[in-house]
Amino acid sequence: MGNHSWGTDFTLVGLFQYGQMDTPLFTAIAILFAVALIGNITLVHLIRLDRRLHTPMYFLLSQLSIIDMMYISTTVPKMAANFLSDTKTISFLGCEIQAFVFLSLGGSEALLLGFMSYDRYIAICQPLHYPVLMSRKFCCSMVACAWSSSSINALVHTLYAFQLPFCGPRIVNHFFCEVPSLLPLVCEDTSQYEHTILMSGLVILLLPFLAILASYARVLVVVFQMSSGKGQNRAVSTCSSHLTVASLFYATTLSTYTQPHSLHSPARDKVVAVLYSIVTPVLNPFIYSLRNKEVMGALKRQMG
């Protein structure tokens, strides 16, 4: 019965099976963490200070940056603390909180990226209706919808997953507490619950990704019908960079949350998790800002 008690801690293996996270890799992840925080904080600060950026698109972008800062902060500090202190344990409650926060933020980002593509679709394909369709009230409603729906989904999955009976020494072959990585520790059949995870993944991950593909396809059609060659090249360049980052996020998360745990490989899962939990929050502020003249102009004005 001791194996089933709530007070038993979990052990996080880390990025490597025996926790031998070498110094160069730790240094690289620490640098990525710092870059992600600096990039996203700078972007949020610019959008708040520069009145020219007080538009629906930049409001949604600031929300994405806030989510990315919290998203990467959910996993990297604990991973760094485990490496520096040479301890790999995390309490039952700490593991539960980490899984809930990570699921909430990941779902919010997935939905928000879809809403951002809708904003670009309205701005380019229906510019005359843009002020009405993308009012501040509607933007706030979209953000609230993303946060609330993902939080409810995360709460349901977290409460259910952590009431399951865990057997054995509770060694999690991952670098943070994530629901799919906990299922191999459960000493009962989880196939029915995995179907629920699959359905949630299809709704929260696949539907927004399909909406993004449809929106950008329509945007490119309109741009090619109206713009000059230079405008077409710029549109293709912008859309391709946005789609690359979105595809990286959605493809990696879908591969984790839509497969039964019998098909999961711990080594592959950890590499994939690094892509959507660390690399994506680093890339987002630069993809959405460095290629944007308005953001770069705001940065130059703030720097005098």
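**Stop one: helix α1**

Select α1 and look for Phe-26, Ile-29, Phe-33, Ala-36, Gly-39, Asn-40, Leu-43, Leu-46 and Ile-47: these are buried (under 20% relative accessible area with a 1.4 Å probe, protein chains only). Helices here are DSSP runs of H or I, at least four residues, numbered from the N terminus. This one covers residues 23-49, and its 27 residues reach 39 Å from first C-alpha to last, close to the 39 Å expected at 1.5 Å a residue (1.5 Å times one less than the number of residues). Now show α2 (56-85), α9 and α10 (293-302), which the buried residues of α1 pack against, with contact meaning heavy atoms within 4.5 Å.

A quick word on the model: it is predicted, local features need pLDDT of at least 70, side-chain atom pairs need 80 or more, and totals for chains, interfaces and linings use all residues. Numbering starts from 1 along each chain as its sequence is written, and side-chain values use heavy atoms, leaving out hydrogens and water.

**Stop two: α3 meets α9**

Next, select residues 92-125 (α3) and 266-289 (α9), whose axes come within 13 Å and cross at roughly 30°. Axes are lines fitted to C-alpha atoms over the stretch in contact, with angles from 0 to 180 degrees between N-to-C directions. Zoom in on Phe-102, Glu-109, Leu-113 and Met-116 of α3, which meet α9 residues including Tyr-276 and Tyr-288.

**Last stop: confidence**

Technical notes
Helix = DSSP H or I, 4+ residues; strand = E, 2+ residues; numbered from the N terminus. Buried < 20%, exposed > 50% of the residue type's maximum accessible area, 1.4 Å probe, protein only.
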